[in-house]
Amino acid sequence: MPLGQSKEQEEELEKIRQSAVTAGVSVELSENIPVPIPFSRAIKAGGQAKFNPMSYVNALAKAFEGSGGIIMQENRVIHVENEKSHVQVQTSAGTFRGKSVVYATHIPPGINLLHLRCVPYRSYAMAIILEDDQYLDDLSYDLYDPYRYYRTQEVDGQKYLIAGGEDHQTGHMENNTQCFLKLENYLKQHFRIKEIKYRWSSQYYEPADGLPYIGNLPGQADNIYVCTGYGGNGMIYSSVAALLLTRTILGRDAKFTKLYDPNRIKPIAGFSSFISHNVDVVTQFLDKIINKEQLKQLTNIAPGEGKVVEYEDQKIAIYKDDQGEIHVVNPVCTHMKCDVKWNEAERSWDCPCHGARYDINGNVLNTPADKGLEQLEL
C-alpha cells in the first residue's frame with residue numbers, strides 16, 4: 001500500500017492498520033512495496049487470493065444451469081408485480097412467475113429510498129504492457145483522493161499491468177477523457193510503458209455508511225430483495241449477498257442480516273455523506289431551473305461532441321456523430337427528472353443525480369432508469 005509523504009496519509013494508514021488488527025486481519029508494517037513509487041510508510045496484508053473473475057462467473061453459471069436453472073440474456077425486465085401467492089415479472093421475452101425476486105442489478109430500477117443512500121461513481125482503468133517486464137506480484141494502492149491501484153493480470157500468456165483510479169461522481173466531470181490522460185501521465189512517471197493496450201471505465205455505487213445493502217428492498221413486500229451499494233468491492237460482496245439471500249429466502253437463520261439490512265438507519269456513521277450527496281442532488285434540480293449560463297449554438301457542436309443546448313426555447317441534448325449526423329433527445333432523466341450530462345470518454349448521457357446512463361439515442365445503459373430518454377425531432 002504505497003503512500004505519499006503527507007502526514008495526513010500516514011495517520012490514515014495507522015488508523016487502517018489498527019482497525020485491521022482489531023478485526024483480526026493479519027497486517028504488518030512493510031519497508032518495501034512492489035511498485036516503483038516513493039513512499040514513507042506502508043502496510044501489507046498477507047493471505048490474499050487472486051483469481052480470474054470471468055472464469056469464476058462462468059463456472060457459477062454452469063453450476064446453476066447444471067442444477068436446473070435457466071439464464072436468459074438480452075431480456076429486459078419491464079415490470080414486477082407482487083401477487084398474494086407469487087411475484088409476476090413482465091419482461092421483453094414474456095411474463096414469468098416466482099416466489100421471490102432479487103434485484104441484483106447494480107442499483108434497483110424505479111424510484112426507491114436506496115437511490116438517496118447510494119452515490120454513483122465512475123472509475124477508470126488501463127491494461128499496460130511494460131518494456132522491462134517488471135510486473136507486480138501483489139495488488140497495491142495508495143491513499144490519495146482520488147486513489148490509484150496497481151496489479152498484474154496474465155491473459156493467454158501475456159502479462160498486463162492493470163492500473164486504475166481517478167474516480168469521480170457520475171456526471172460531475174466536464175471532460176471525462178482527462179481522467180484517462182491524468183492516469184496515463186502519472187503512470188509514465190513511474191513505469192516503463194511499452195503500450196497501453198486497453199482502456200475502460202466502470203460505474204459503482206458508494207453506500208452512505210460504507211456497507212452494502214443486502215436484504216428486503218425498502219417499501220416492497222418481504223419477498224422482494226436487493227443487493228447493491230458494493231462500493232467497488234463487488235467480487236467480495238456479491239458472494240456475501242448470494243450466501244445471505246439464499247439463507248433468507250429458504251427461511252434459514254442468516255448471520256449479519258441486520259448489518260446489511262437495506263432498511264437500516266445509521267445517523268452517525270452515514271448521515272454526513274447522506275446529506276452531502278442529496279444536497280448535491282437538490283443543486284442539480286436547482287441548476288436546471290435557475291442556471292442562466294449562456295448555451296452555445298448548434299453550429300458549434302463538433303463531430304463526436306455532445307452538449308445540452310437551448311433550441312427554440314427548450315433544452316435539448318444533442319450529439320453529432322463522426323459522420324455529421326445529429327442525434328437529439330430530451331435531456332430530462334426519466335428516473336427523477338434531473339438533466340443529464342455528456343460523457344465525452346464513452347459518448348453517453350449520464351445523470352449526475354443517481355447514475356442513470358443513456359446512449360446517444362437515449363436508450364438505457366444503466367439503471368435506475370427503466371425507460372429511455374425521449375427522442376426529439378428538430
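Two strands count as paired if DSSP finds at least two bridges between them. In this predicted model, strand β14 (residues 305-311) and strand β15 meet that condition, pairing in the antiparallel sense over seven bridges. K307 has I318 in β15 as its bridge partner.

Strand β15 also has a partner in β16. Four bridges join β15 to strand β16 (residues 326-329), and the two run antiparallel. Here K320 stands opposite I326 in β16. The two strands, β15 and β16, form a hairpin with five residues between them. In the turn, G324 has a positive phi of about 90°. Is strand β15 enclosed by the rest of the structure or left open? Five of the seven residues of β15 (residues 314-320) are buried, so the strand is largely enclosed.

The wider setting is as follows. The protein chain holds six helices and 20 strands. Of its 378 residues, 41% are buried. Contacts can also be sorted by sequence separation. Among contacts in the chain with a separation of 6 or more, 57% are between residues 24 or more positions apart.

The mean pLDDT of the protein chain is 86, and 89% of the residues score at least 70. Strand β6 (residues 101-103) has the highest confidence, at 96. Helix α6 (residues 271-290) has the lowest, with a mean of 51. Over residues 285-296 the pLDDT is below 50. That stretch still has 14 contacts in the model beyond near neighbours in sequence. Where pLDDT is low, the predicted coordinates should not be read in detail.

A further sheet involves β3, β4 and β5. These three strands form an open sheet in the order β3-β4-β5, with antiparallel pairing. Which strands stand at the edges? They are β3 (77-82) and β5 (94-98). Each has a single partner strand, so one side of each is left without a neighbour in the sheet. From one strand to the next, the twist averages 20°. Five bridges pair β3 with strand β4 (residues 87-91) in the antiparallel sense. N82 stands opposite V87 in β4.

Aromatic side chains were examined next. A search of the whole structure finds ten aromatic pairs. One of them joins Y124 and F180. Y124 is buried, with a relative accessible area of 1%. F180 also counts as buried, at 9% relative accessibility.

Other rings form a group or meet a charge. Ring pairs link Y141, Y147 and Y149 into a cluster. R148 is placed over two rings. Its charged end sits over the ring of Y186, 3.7 Å from the centre. The charged end of R148 also sits over the ring of Y144, 5.9 Å from the centre.

Two loop residues complete the account. L114 is found in the loop between β6 and β7. Is L114 buried or exposed? Its relative accessibility is 0%, so L114 counts as buried. Setting aside residues up to four places away in sequence, L114 touches P108, Y213, L217, P218, V226, T228 and P262.

F51 lies in the loop between β2 (43-45) and α2 (53-66). At 45% relative accessibility, F51 counts as partly exposed. Leaving aside neighbours within four places in sequence, F51 is in contact with Y56 and M235. The C-alpha atoms of F51 and Q153 are separated by 9.3 Å, although the two residues are 102 apart along the chain.

Technical notes:
Residues are numbered from 1 along each chain as its sequence is written. This is a predicted model: local features need pLDDT of at least 70, side-chain atom pairs count only at pLDDT 80 or more; totals for chains, interfaces and linings use all residues. Side-chain values use heavy atoms; hydrogens and water are left out. Rings of Phe, Tyr and Trp (its six-membered ring) pair if their centres lie within 6.5 Å; planes under 30 degrees apart count as stacked, over 60 as edge-to-face and the rest as tilted. Buried means under 20% relative accessible area, exposed over 50%, partly exposed in between (1.4 Å probe, protein chains only). A charge sits over a ring if NZ of Lys or CZ of Arg is within 6 Å of the ring centre and within 35 degrees of the ring normal. pLDDT is the predictor's confidence in each residue, from 0 to 100. Contact means heavy atoms within 4.5 Å. Axes are lines fitted to C-alpha atoms, for helices over the stretch in contact, and angles run from 0 to 180 degrees between N-to-C directions.
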